[in-house]
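Here's a quick tour of a protein model, one topic at a time. Keep the 3D view open and follow along as you read.

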Amino acid sequence: MGNAFQTLEDNTAYTYLVNDHWSADAQSQYTFLNLADETAAIDWPVPLDQAELSDKDKAHPRLAEVEPMPSRKILVVGADGQLGKALRGLYDGDPSVEFAARADFDLSKEESFDGRNWKNYSAIINAAAYTAVDAAESPEGREAAWQVNVSAVARLARTAIEHDLTLVHVSSDYVFDGSRESHDENEPYTPLGVYGQTKAAGDAVVSVVPRHYIVRTSWVIGEGSNFVRTMASLADRGIKPSVVNDQIGRLSFTEDIAAGIRHLLESRAPYGAYNLSNDGEPQSWADIAGDVYELRGASGDDVTGVSTEEYFAGKSAAPRPLKSILDLSKIKGAGFVPASSAERLTAYLRG
Ligand SMILES: NC(=O)c1ccc[n+]([C@@H]2O[C@H](COP(=O)([O-])OP(=O)(O)OC[C@H]3O[C@@H](n4cnc5c(N)ncnc54)[C@H](OP(=O)(O)O)[C@@H]3O)[C@@H](O)[C@H]2O)c1
């Protein structure tokens, strides 16, 4: 779309509708074409050599030299967490994606929101969260979890609504009590612990943003310390651990969560909530630990299964859902088929 005009008489008013006011800041987002461009070949009523043109207008480039308008950017917040790092890898070299770790964009600080020209963005991916499930049960942890997972998410949601942005938010299997065999996107929230309660409240907030994707995932494995790394280290040191065998779910490797998010955005899938874990046979943590041991060249028999109740006896821990299996039909229907967790686990331990 281009816009230019000539006035043929004095005292002519020229009005047009815009969705944004001109500003020096916005100027860097504009692009210009020379009025005499041969490819546009505009038949100006007043020949250009007789028209009044500013020097600036005369200097505008021909079409071949025009720098295209930069596309509006995606802002990834929480970019140094496990998922954030996978998003950095996925979008590496893409100038339209900007990454902000906590030091660049602290979600709990108002100045993070004020200091940004949101008109230059099309979407925010929220990879930040308070994820310390057990610490969230303490008075300080409860406050911190509500602040990041609910109050800050409400602030993000307001920004998305005000500036017509798409908000991608990441949710958890912990919003459910785990009593159903598998969870679809319409299951009512039944969180057991504080972390799950904050994640459920955050989801409810995001669900009122007109353009939103809630990506619900489980048992996240990426760069950083996590269950698979811990088990691999125990296997390498010849330790024989007791691991919970009555929580059943599937791992979610961050590269697949990141790829699923990109798929939803690029395919313009209908807004709403989508489950996204890896695919394959659901397993207990003890089954997964056994697989890790085998892949490290140790024996899966070194892992002893224990119930959640036995494992946490005498420890202060948050209650956990026993069944975390996410129904993947909706995301598959949207054209994204996640890899199996067995395949990803093998590749992860090789890498
Ligand atoms: N991990 C799981 O098993 C799991 C399961 C289901 C769903 N999820 C969800 O998946 C998403 C990604 O999880 P993840 O495993 O990648 O988490 P993560 O590794 O703990 O990363 C979270 C990131 O958020 C940052 N953060 C915390 N408070 C912030 C604030 N006020 N402003 C800006 N950044 C802040 C953290 O920074 P600091 O390091 O400085 O605190 C951290 O870099 C979260 O929404 C989580 O709830 C995770």
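Start with strand 5: His212, Ile214 and Arg216 point one way from it, Tyr213, Val215 and Thr217 point the other way, and all are buried. In a regular strand, side chains alternate between the two faces of the sheet. Bear in mind that you're looking at a predicted model.

**Strand 5 and its partner**

- Six of the six residues of strand 5 are buried, so the rest of the structure largely encloses this strand.
- Strand 5 pairs with strand 4 in the parallel sense, over six bridges.

- Zooming out, you'll find an open sheet of six strands with parallel pairing, in the order 2-1-3-4-5-10.
- Its edge strands are strand 2 (97-100) and strand 10 (272-275), each of which pairs on one side only.
- From one strand to the next, the twist averages 20 degrees.
- Helix 6 (residues 194-206) packs on the sheet, where it touches strand 4 (166-172) and strand 5 (212-217). The direction of helix 6 makes about 155 degrees with that of strand 4.
- For Val77, the bridge partner in strand 2 is Ala100.

**The nonpolar core**

- In soluble globular proteins, nonpolar side chains tend to be buried together.
- Here, the largest nonpolar core has 79 residues, and Val76, Val77 and Ile124 have the most contacts inside it.
- Helix 5 gives this core its largest share, eight residues.
- Which residues does Ile124 contact, leaving aside its neighbours within four places in sequence? They're Leu75, Val77, Leu156, Ala160, Leu165, Leu167 and Val168.

**Around the ligand**

- There are 27 residues around the ligand, and Gly81, Gln82, Ala128, Ala129 and Val220 come nearest.
- Sorted by class, that shell has 12 nonpolar, 10 polar and five charged residues.
- Helix 3 (82-90), helix 5 (139-163) and strand 4 each supply at least two residues of the shell.
- The largest share comes from helix 3, with three residues.

**Helix 9, tucked inside**

- Eight of the 11 residues of helix 9 (residues 285-295) are buried, so this helix is largely enclosed by the rest of the structure.
- The buried ones are Trp285, Ala286, Ile288, Ala289, Gly290, Asp291, Val292 and Tyr293.
- What do the buried residues of helix 9 pack against? They pack against helix 7 (227-236), strand 7 (242-244), strand 11 (283-284), strand 12 (304-306) and helix 12 (341-350).
- After helix 9 comes Gly297, which has a positive phi, near 85 degrees.

- Where does Arg116 sit? You'll find Arg116 in the loop between helix 4 (110-114) and strand 3 (121-126).
- Is Arg116 buried or partly exposed? Arg116 has 16 other C-beta atoms within 10 Å. A buried residue needs 20 or more, while an exposed one has 12 or fewer, so Arg116 counts as partly exposed.
- The C-alpha atoms of Arg116 and Gly335 are separated by 34 Å, and these two residues are 219 residues apart along the chain.

Technical notes. Residues numbered from 1 in each chain as written. Predicted model: local features only at pLDDT ≥ 70, side-chain atom pairs only at ≥ 80, totals over all residues. Pairing = 2+ DSSP bridges. Helix = DSSP H or I, 4+ residues; strand = E, 2+ residues; numbered from the N terminus. Axes fitted to C-alpha atoms, helices over the stretch in contact; angles between N-to-C directions. Contact = placed C-beta atoms within 7 Å. Near = placed C-beta within 6 Å. Nonpolar A, V, L, I, M, F, W, Y, C, P; charged D, E, K, R; others polar. Core = buried A, V, L, I, M, F, W, Y, C linked by C-beta atoms within 7 Å.
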